[in-house]
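Here is a short report on helix packing. The structure comes first.

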Amino acid sequence: NHVFMTGLRKYNFVRALNIDLSEFQPRFIGELFKLSMLTENIMHDCIFRLLKARDDESLLSLRVLITAVGSILDTENAKQRMDQYFAQMIKIAEDRKPRIKFALKDVIELRQVPSLEQTLTIMFLHLNLFSVNLMKLLLLPFTIAHD
């Protein structure tokens, strides 16, 4: 009876705080993965099971999980798997109610946007090239006068 009451209190506490467990659990799993407490294979299995279930709650959990760890999983080694996941999400999104459709489309679009790390790397390379060219331009009068 004590276990039931503890569970009931926990349920009421979660309800009182208005915590969405369907969003909390995949986010928690994603954080465990980021801390290397779960393997990449476990994460792929979670994604596979959520896609296979195809119910609304599973698809919303999938959105949260992929948003949390998709950029880490989306490597050259797992590209084919990730492509399959996203192809399935596109198909699933077509015949869903708007809430699910837009949730999946958000994840799909998120994959198409370059990550901050990629953007910063590109910006650094452009800045480096710009500074090299600027130095050449600034030193040009001295090299001409020196010759």
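## Packing of α4 and α6

In this predicted model, α4 and α6 pack at an angle of about 20°, their axes 10 Å apart. That makes α4 roughly parallel to α6 (angles under 35 degrees count as such). Axes are lines fitted to C-alpha atoms, for helices over the stretch in contact, and angles run from 0 to 180 degrees between N-to-C directions. The crossing of α4 past α6 is left-handed, meaning that the near helix is turned anticlockwise from the far one by less than a right angle.

From α4, the residues in contact (heavy atoms within 4.5 Å) include Leu 59, Arg 63 and Ile 66. Among their partners in α6 are Ile 100, Leu 104 and Val 107.

Helix α6 covers residues 98–112. Buried here (under 20% relative accessible area, 1.4 Å probe, protein chains only) are Ile 100, Ala 103, Leu 104, Val 107 and Ile 108. They lie on the same side of α6, because they cover an arc of only 135° around the axis. These buried residues pack against α4 (56–73) and α5 (79–94).

The face turned away carries Pro 98, Arg 99, Phe 102 and Gln 112, which are exposed (over 50%).

## Ser 58

Ser 58 sits in α4. It counts as buried, at 13% relative accessibility. Leaving aside residues up to four places away in sequence, Ser 58 touches Leu 50 and Ala 53.

## Basis

Residues are numbered from 1 along each chain as its sequence is written. Local features need pLDDT of at least 70, side-chain atom pairs count only at pLDDT 80 or more, totals for chains, interfaces and linings use all residues, and side-chain values use heavy atoms, without hydrogens and water.

Note on methods
Helices (H or I, at least four residues) and strands (E, at least two) are DSSP runs, numbered from the N terminus. The expected span of a helix is 1.5 Å times one less than its number of residues. The arc is that of the directions from the helix axis to the C-beta atoms. Angles under 35 degrees count as roughly parallel, over 145 as roughly antiparallel, 65 to 115 as roughly perpendicular and the rest as oblique.
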